[in-house]
Amino acid sequence: MAMRLIGGCKCGLVRYQGTRLEAPMFRCHCRDCQQLTGSGHSEMVPLAIQDFTISDTSKTYEMVGKSGLSTFSGFCPNCGSQLTRNSQRMSDRIYVHASSLDDPSIYKPKKSIYSEAAQAWDEAAILKEQ
């Protein structure tokens, strides 16, 4: 049975829901995630984009990824909470930040990606693929 996940921002202005995609949850150490989260990495949960819904109040920041294609970061315009990441390259999915889930205890990361970009002070957070 498909797992339905619900979440939102700190202030409650933006809410989302979607179906868990059968792809690994992961920790991303890329420079974009570092800058967007103000941390050494982000914690990501993949959802199927075809039935994903998010409040109209959400804002999106568009960037160009290393692939040369656009990537998008969704956030709350009121409290600034980072909520989503998606890209043209993987158009069947959207990733939500694990901490934005109503029940973040479901987050069980399987691997780190872009670990070569990890900051020295965050190397302890790099996960070996399980």
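This is a predicted model: local features need pLDDT of at least 70, side-chain atom pairs count only at pLDDT 80 or more; totals for chains, interfaces and linings use all residues.
Five bridges join β1 and β2, and the pairing is antiparallel. The two strands form a hairpin with six residues between them. Within that turn, Gly 12 has a positive phi of about 90 degrees.

Tyr 16 also stands opposite Ile 54 in β5. Strand β2, residues 15-19, pairs with β5 in the antiparallel sense over two bridges. In general, strands of a sheet pair through backbone hydrogen bonds, either parallel or antiparallel.

## The loop at Cys 11

Cys 11 is found in the loop between β1 and β2, the hairpin that also has Gly 12 in its turn. Cys 11 counts as partly exposed because its relative accessibility is 36%, a value between the limits of 20% and 50%.

Leaving out residues up to four places away in sequence, Cys 11 touches Cys 76, Asn 78 and Cys 79. Ser 81 is 70 residues from Cys 11 in sequence, yet the two C-alpha atoms are 8.5 Å apart in space.

β6 pairs with strand β7, residues 70-75, in the antiparallel sense over six bridges. One of the paired positions is Lys 59, whose bridge partner in β7 is Phe 75. The hairpin of β6 and β7 has five residues between the strands, and Gly 68 takes a positive phi near 90 degrees there.

β7 also pairs with β8, again in the antiparallel sense, over five bridges. Thr 71 stands opposite Ser 87 in β8. The hairpin of β7 and β8 has six residues between the strands, with Gly 80 at a positive phi near 85 degrees.

## Ser 58

Ser 58 is found in the loop between β5 (53-54) and β6 (59-64). With a relative accessibility of 16%, Ser 58 counts as buried, because the cut-off for buried is under 20%. Apart from neighbours within four places in sequence, its contacts are Val 14, Gly 74, Phe 75 and Pro 77. Phe 75 in this list is also the bridge partner of Lys 59.

## Nonpolar cores

The largest nonpolar core has 16 residues. Those with the most contacts inside it are Leu 5, Tyr 16, Val 45, Leu 47, Phe 52, Val 96 and Leu 101. β4 and β9 each supply at least two residues of this core. Apart from it lies another core, of six residues, among them Phe 26, Cys 33, Met 44 and Tyr 95. In soluble globular proteins, nonpolar side chains tend to be buried together.

Not counting residues up to four places away in sequence, Leu 47 touches Leu 5, Phe 52 and Val 96, among others. Its contacts also include Gly 18, Thr 19, Arg 20 and Leu 21, as well as Asp 92, Arg 93 and Ile 94.

The largest pocket holds about 630 Å³ of space. Of the 25 residues that line this pocket, Cys 28, Arg 85, Arg 89, Ile 113 and Tyr 114 are the closest to its centre. The elements that give two or more residues to the lining are β3 (26-28), α1 (31-37), β8 (82-87), β9 (93-97) and β10 (111-113). By class, the lining has twelve nonpolar, five polar and eight charged residues.

The second largest pocket holds about 210 Å³ of space. Its lining has 15 residues, of which Gln 82, His 97, Ala 98, Ser 99 and Ser 100 lie nearest the centre. β4 (42-48) and β8 are the elements that give two or more residues to this lining. Here the division by class is three nonpolar, ten polar and two charged residues.

Technical notes: Residues are numbered from 1 along each chain as its sequence is written. Side-chain values use heavy atoms; hydrogens and water are left out. Helices (H or I, at least four residues) and strands (E, at least two) are DSSP runs, numbered from the N terminus. Buried means under 20% relative accessible area, exposed over 50%, partly exposed in between (1.4 Å probe, protein chains only). Contact means heavy atoms within 4.5 Å. On a 1 Å grid over the protein atoms alone, a cavity is a set of points where a 1.4 Å probe fits but cannot get out, and a pocket is an open set with protein on both sides within 12 Å along at least five of seven lines; lining residues have an atom within 4 Å of a point. Grid points are joined across faces, edges and corners, and a volume is the space filled by probe spheres set on the points. Ala, Val, Leu, Ile, Met, Phe, Trp, Tyr, Cys and Pro count as nonpolar, Asp, Glu, Lys and Arg as charged, and the others, Gly among them, as polar. A nonpolar core is a set of buried Ala, Val, Leu, Ile, Met, Phe, Trp, Tyr and Cys residues joined through side-chain atoms within 4.5 Å. Two strands pair if DSSP finds at least two bridges between them.
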